[in-house]
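Q: Please give me a close look at a single part of this model: its pocket space and what lines it. After that, a few words on the surrounding architecture would be welcome.
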Amino acid sequence: MLIRNCWYVAGWSHDFAADAPVQRQLLGDPVVLWRKSDGTMVAMEDRCVHRLAPLSLGRIEGDHLRCMYHGLLFDSAGRCKEIPGQDMIPSNACVRTYPVVERNNWIWVWMGDPAKADPSRIAKSKALDDPAWVLKTGELHYEAHYELINDNLLDLTHLAYVHANSFGAGPAWAQSRPKVEVIPEGVRSSRWISNTPPVPPLSKAAEHDRVDIWTSYDFVLPGVFLLYTAMFPPGTADACGNGPPPADLPTLFANFTSQAVTPTSETTTSYYYSWGPASEHGDEAMAQAMIDVAGMAFHEDKVMIEAQQKIINRNPATRPMPTTADKAITIFTRLMQSQDA
Ligand code: FES
Ligand SMILES: [Fe+2]
């Protein structure tokens, strides 16, 4: 199931230069993304009305995009404004456009009914220049259905197995269960991992053999993962009654990651992520080291999920058997099914 009435991440702001249209597949549709002369983004169906050539092979001319097959010129509303050698422009010479917003260094495209495109529904990711964080970026492309990647992010017990090497995650990730709550447009999963080695061992948290880790993420429609992790001296979880730490409690280390899962088709998915330390705890070098580890870890996910997809493809009727770790998956799946597709 692909849900059209949602904001999807189509890539990083820095992927879209002023002078180069870019093609993206979103929900199975070819979309051309380009910038007008003032830098604002335009998203259009990547198909010229004439002989159906891709407009992403076209040329940006100020606030217009010219198809470089036979030269038809389109404005940012998709209307044809010029047909070389022909005065009459048919009234149906119009390319579909999609609502698009550039926010927090991501390009968000609304693939559904334009009348329902409400920018307040865009997930609350962090901007790369947020002074509280030092963030680096990455992306990955999957031969797998997006729901398998959502499921992976909604159940972090897999850290103990898939990411034992990259993230150095201990068995506590699989043995304890998070508190799972329904939030607007998604689900929140929070917990303490107590008395565990610091991960990553890069900061002043490394002065401690063991730490208490508070980890809390929101996973919101259509598939955006926003994770805050903080480390404290052992005993902090108990002192907090195993609830959220006070916002002003000093941390040994803290980091934040925004991750977006975007179905490019029914069988393929793009994955965009940023990660890095709180600026009080880390610098550019640490942020780079963290994003390198994250890249390694996400490749571990990709190996598992693409192999899982191949098994599912052999017999799609076979149903999974949920465990108690699947609570957030169950809630989020129901939320997806309730959406106006
Ligand atoms: S296909 Fe675009 S101008 Fe002919
Ligand atoms: Fe993972």
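A: Happy to! A helix here is a DSSP run of H or I with at least four residues, numbered from the N terminus, and a residue counts as lining when one of its atoms is within 4 Å of a pocket point. Keep in mind that this is a predicted model.

With that in hand, helix 5 (284-314) turns out to give the most to the lining of the largest pocket, with seven residues. Helix 1 (146-153) and helix 6 (327-337) also supply at least two residues each. The space inside amounts to about 1300 Å³. Its lining has 38 residues, and those closest to the centre are Leu-148, Asp-151, Gln-308, Ile-312 and Pro-320.

Now for the surroundings. The protein is divided into domain 1 (7-121) and domain 2 (136-337).

Elsewhere, an open sheet is built from four strands in the order 2-3-4-9, paired antiparallel. Strand 2 (22-26) and strand 9 (97-98) are the edge strands, each with a single partner, so one side of each has no neighbour in the sheet. Strand 9 pairs with strand 4 (residues 41-45) over two bridges, and Met-44 stands opposite Thr-97 of strand 9.

Conventions. Residues numbered from 1 in each chain as written. Chains lettered and ligands numbered in written order. Predicted model: local features only at pLDDT ≥ 70, side-chain atom pairs only at ≥ 80, totals over all residues. Heavy atoms only, no water. Pairing = 2+ DSSP bridges. 1 Å grid on protein atoms, 1.4 Å probe; cavity = no way out; pocket = protein on both sides within 12 Å on 5 of 7 lines; lining within 4 Å. Points joined across faces, edges and corners; volume = space filled by probe spheres on them. Domains from an automatic or database assignment.
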